Amino acid sequence: MAETINVLIVGVGGQGIVAASNVLANAALAAGCDVKQSEVHGMAQRGGAVSSHVRFGTAVHSPVIPLGEAQFLLSFEKLETLRWLDYLADDAMVIVNDYRIDPITVAGGKAEYPADIESRLASSGYGTLLIDGMKKAEAAGNFKSVNMVLLGVLAARLDLPIDTWKSAISRRFSGETFAVNWRAFELGRAAGLNAEP
């Protein structure tokens, strides 16, 4: 693998972003890549923003993705997607969970949740996949597995062997929890393989 692949994973505290980034990092490591990962938790336990940078390739020298160099944005919440567009490369792909969590300012009536997120993404110039991750996670057996659904969508766009993904998920989860998360990953991967762009 010659180039460095930069994946930015964003969302709100409690959505499994750190677990997802750990699985991605371990899958890339198992594939023989040099891997760097960093996380910002913010006020995660109060519904604050959470982000994780995962970089992998032949040789990676920094854990932080520079502005304008992320090839993939994996967003677990629609509004969070808009906050991170400056990090994207010109040919980046945006994978968005079709899910809304109102920030405290919206919940408190001091601001409005943007009604035009989908149209803003459509006109951004980036390839965008809007995925109903919650529905697929519920079909897999647990709504909490939405993070594995989104990883599966991402996996369909990355050149990492499927056995490295399975190994990475099994390192994080065991027993029935692994089974549910693997089903969620496979449902997401199928959606990613069948989706345009």
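This is a predicted model: local features need pLDDT of at least 70, side-chain atom pairs count only at pLDDT 80 or more; totals for chains, interfaces and linings use all residues.
Are F178 and W182 buried or exposed? Both F178 and W182 are buried.

F178 and W182 are four residues apart in helix α8, which puts about one helical turn between them. A second pair joins W165 and F185. Here the centres are 5.3 Å apart and the planes stand at 35 degrees. That geometry is classed as tilted. W165 belongs to helix α7 and F185 to helix α8, so this pair ties together parts that are 20 residues apart in sequence. W165 and F185 are buried. W165, F178, W182 and F185 form one aromatic cluster. In total, the structure holds four aromatic pairs.

Helix α7 spans residues 162-172. Its buried residues are T164, W165, A168 and I169. Viewed down the helix axis, they fall within an arc of 130 degrees, so they line one face of α7. The exposed residues D163 and R171 sit on the face turned away from that buried side. What covers the buried residues of α7? The cover includes α1 (17-30), α6 (146-155) and α8.

Helix α8 covers residues 175-194. It also carries a salt bridge, between R189 and E186. The closest N and O atoms of R189 and E186 are 3.7 Å apart. The two residues are three residues apart in α8, or separated by about one helical turn. R189 is partly exposed, with a relative accessible area of 27%. E186 is also partly exposed, at 29%.

Strand β1 (residues 5-12) is mostly covered. Eight of its eight residues are buried. In a regular strand, side chains alternate between the two faces of the sheet. In β1, one side carries I5, V7, I9 and G11, and the other carries N6, L8, V10 and V12. These residues are all buried, so both faces of the strand are covered. β1 has two strand partners described here. With β3 (residues 49-57) the pairing is antiparallel, over eight bridges. Within that pairing, F56 of β3 stands opposite I5. With β4 (residues 70-75) the pairing is parallel, over four bridges. There, F72 is the bridge partner of V7.

Which residues does N97 contact, beyond its neighbours within four places in sequence? The contacts of N97 are S75, F76, K78, I131, D132, G133, M134, V146 and L150. N97 is found in strand β5. Its relative accessible area is 1%, and N97 is buried.

K78, one of the N97 contacts, also takes part in a salt bridge with D98. The N to O distance in the D98 and K78 bridge is 3.4 Å. D98 lies in the loop between β5 (88-97) and α3 (104-107), and K78 lies in helix α2 (residues 78-83), so the pair ties together parts that are 20 residues apart in sequence. K78 is buried, at 12% relative accessible area. D98 is partly exposed, at 35%. E118 joins K78 and D98 in a network of salt bridges.

How many salt bridges does the structure hold? There are eight salt bridges. A further one among them links D116 with R120, whose closest N and O atoms are 3.4 Å apart. D116 is partly exposed, with a relative accessible area of 33%. R120 is partly exposed too, at 41%.

The charged end of R100 sits over the ring of Y113. The distance from that charged end to the ring centre is 4.2 Å.

Definitions and conventions
Residues are numbered from 1 along each chain as its sequence is written. Side-chain values use heavy atoms; hydrogens and water are left out. A salt bridge is a side-chain nitrogen of Lys or Arg within 4 Å of a carboxyl oxygen of Asp or Glu. Buried means under 20% relative accessible area, exposed over 50%, partly exposed in between (1.4 Å probe, protein chains only). Contact means heavy atoms within 4.5 Å. The arc is that of the directions from the helix axis to the C-beta atoms. Two strands pair if DSSP finds at least two bridges between them. Rings of Phe, Tyr and Trp (its six-membered ring) pair if their centres lie within 6.5 Å; planes under 30 degrees apart count as stacked, over 60 as edge-to-face and the rest as tilted. A charge sits over a ring if NZ of Lys or CZ of Arg is within 6 Å of the ring centre and within 35 degrees of the ring normal.
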